[in-house]
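Reader: Hello! Could you walk me through this model with a few questions and answers?

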Amino acid sequence: MIADCTGDNAGDSVGPLRCMVFETYGVTGVALITFILLGVHKPEVQVQLLVWLFVMRIMMLVASAVLIS
């Protein structure tokens, strides 16, 4: 019983790791964009925050690609 639970937990944690990371990345992006658009009322500040957000996300992808290779 204990070994079965351990194996199930390990498979759940290790197996779908990559797709879960990308799902989290996408969901957090949508949430941040929504918060910026709904929480910030000045259009100029919205644009600045959205540009900063996408620049940071691009830098994260580039850094990840460099670290992986």
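Reader: Is Val 47 buried or exposed?
Author: Happy to start there, with a predicted model in which local features need pLDDT of at least 70, side-chain atom pairs count only at pLDDT 80 or more, and totals for chains, interfaces and linings use all residues. Residues are numbered from 1 along each chain as its sequence is written, and side-chain values use heavy atoms, with hydrogens and water left out. Val 47 is found in helix 3, where helices are DSSP runs of H or I with at least four residues, strands are runs of E with at least two, and both are numbered from the N terminus. Buried means under 20% relative accessible area, exposed over 50% and partly exposed in between, with a 1.4 Å probe and protein chains only, so at 51% Val 47 counts as exposed.

Reader: Which residues are buried in helix 3?
Author: In the chain of 69 residues, buried ones make up 10%. One of those in helix 3 is Arg 57, which has a relative accessible area of 12%.

Reader: Nice. What does Ile 33 touch, not counting residues up to four places away in sequence?
Author: Ile 33 is found in helix 2, residues 17-39, and with a relative accessible area of 26% it is partly exposed. The residues it touches are Leu 50, Leu 53 and Phe 54.

Reader: How far apart are the end C-alpha atoms of helix 3?
Author: The expected span of a helix is 1.5 Å times one less than its number of residues. Helix 3 has 26 residues, so it should span 38 Å. The distance in the model agrees with this, at 37 Å.

Reader: Last one: which element has the lowest mean pLDDT?
Author: The chain has three helices and zero strands, and its mean pLDDT, the predictor's confidence in each residue from 0 to 100, is 78. Where pLDDT is low, the predicted coordinates should not be read in detail. Helix 3 has the highest mean, 92, and the lowest, 51, belongs to helix 1.

Methods. Contact means heavy atoms within 4.5 Å.
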